[in-house]
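I kept them in the order in which I checked things.

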Amino acid sequence: MRSIWKGALTFGLVNVPVKVYSATEDHDVPLHQVHAGDGGRIRYQRICEIDGEVVPYADIDKAYDDGERTVVLTKEDLASLPAERSREIEVVEFVPSEQIDLLTLDRAYYLEPDSSSPKAYVLLRKTLEQTDRTAIVRFSLRQKTRLAALRVRGDVLVLQTLLWADEVREASFPALETEVKISDKELDLSASLVESFSGDFDPAEYTDAYQAELRTLIEAKLDKGDALDTSETFGEAGDADSGGEVIDLMEALRASVERSRAARGVSNEKGSTGTASGDGASTKKKAAPKKAAKKAS
């Protein structure tokens, strides 16, 4: 990996030099746009409205227009801002980890110690683990002031940027304002359904079915060309669920519980709920069409 930023974590008088790395990457199949008529590549160009010429990215500045006046901001102007010049990741407070709203979490970055001795880095990591706290930090990256949560993942400190409070929309739905009565029996059946699906989460057991199918389609078209019958590659599409509202909620819950138990091979005589992680893993893996799709193509 290549670091994208260098700076220092600071809290109180403690200074921890770090390198910042992107913690995630995109696995989507790269696609570009073409003209449907002749297959010609569609490209986007930066055209100047005054002279009609294509402008190199290096010659592009930014501007603000208030409707009457326009002010141009050069790269030098933006780089001169005090926040942009700062190379500090400042810890502003330590908060209980459960107070971080998952809805506000954004991009994640790994922090690597950038000094001859990682003692201060390890000290901060162990302190966060021991106190079960998350550090709220503030820093500037790519012409933006950012708020972030500093937490521990394994042996590494992870910086996860947070959305600002005014970037999270309020959820207001009239349907949720009406009073709904839920019976104890419905709650019990719903809890049984949850229990029948319970297990330990392992992200490696799940695959991106759409990307796997897309790669299979690309391989099939490379072999057979445009005259490809997709039903030969993926099979005929089954009847889609109607998606309508379930009228008999109790019956739907009962059927769901029984189907889930049957799928996991649970014997009613033993009274097991079928929550073993091995059974759950096999059920999840059946949903991944990658190998079967490739054989068909």
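I began with the cut-off: a residue is buried when its relative accessible area is under 20%, and exposed when that area is over 50%. The model is a predicted one, and I read every entry below with that in mind.

Entry 1, Thr134. I located Thr134 in strand 7. Its relative accessibility is 5%, under the 20% limit, so I logged Thr134 as buried. I also looked up a C-alpha pair: Thr134 and Gln99 are 35 residues apart along the chain, and their C-alpha atoms are separated by 9.0 Å.

Entry 2, strand 7 as a whole. How many of the residues of strand 7 are buried? I found 6 of 8 in the run 133–140, so strand 7 is largely enclosed by the rest of the structure. I then went through its pairing partners. Strand 5, residues 88–96, pairs with strand 7 in the antiparallel sense over 6 bridges. Strands 7 and 8 form a hairpin with 4 residues between them. In its turn, Arg142 has a positive phi of about 55 degrees.

In what order do the strands of the closed barrel run? I read the order as 1-2-6-9-8-7-5, which is 7 strands with mixed pairing. On average, neighbouring strands of this sheet are turned by 40 degrees against each other, direction ignored.

I found Gln160 in strand 9, which covers residues 156–162. Is Gln160 buried or exposed? Gln160 counts as buried, because its relative accessibility is 10%. I checked its side chain for polar neighbours, and a polar atom of that side chain lies 3.4 Å from the backbone oxygen of Asp106.

Strand 3 (residues 62–65) and strand 4 (residues 70–73) run antiparallel and are joined by 4 bridges. I noted Leu73 in strand 4 as the bridge partner of Lys62. This hairpin has 4 residues between its strands, and Gly67 in the turn takes a positive phi of about 100 degrees.

I took residues 209–224 as helix 5, a run of 16 residues. From first C-alpha to last it reaches 22 Å, close to the 22 Å expected at 1.5 Å a residue. Which residues of helix 5 are buried? I listed Gln211, Ala212, Leu214, Thr216 and Ala220. At the start of the helix, a side-chain oxygen of Asp208 comes to within 3.3 Å of the backbone nitrogen of Tyr210. Just after the helix, I recorded a positive phi of about 80 degrees for Gly225.

I looked up the axes of helix 4 (residues 184–196) and helix 7 (residues 249–263), which come within 9 Å and cross at roughly 25 degrees. That angle is under 35 degrees, so I put helix 4 down as roughly parallel to helix 7. The crossing of helix 4 past helix 7 is left-handed.

Key. Residues are numbered from 1 along each chain as its sequence is written. This is a predicted model: local features need pLDDT of at least 70, side-chain atom pairs count only at pLDDT 80 or more; totals for chains, interfaces and linings use all residues. Side-chain values use heavy atoms; hydrogens and water are left out. The expected span of a helix is 1.5 Å times one less than its number of residues. Buried means under 20% relative accessible area, exposed over 50%, partly exposed in between (1.4 Å probe, protein chains only). A polar contact is a pair of N or O atoms within 3.5 Å; within protein, one must be able to donate a hydrogen and the other to accept it, and residues adjacent in sequence count only if both atoms are side-chain atoms. Two strands pair if DSSP finds at least two bridges between them. Axes are lines fitted to C-alpha atoms, for helices over the stretch in contact, and angles run from 0 to 180 degrees between N-to-C directions. Angles under 35 degrees count as roughly parallel, over 145 as roughly antiparallel, 65 to 115 as roughly perpendicular and the rest as oblique. A crossing is left-handed if the near helix is turned anticlockwise from the far one by less than a right angle, and right-handed if clockwise.
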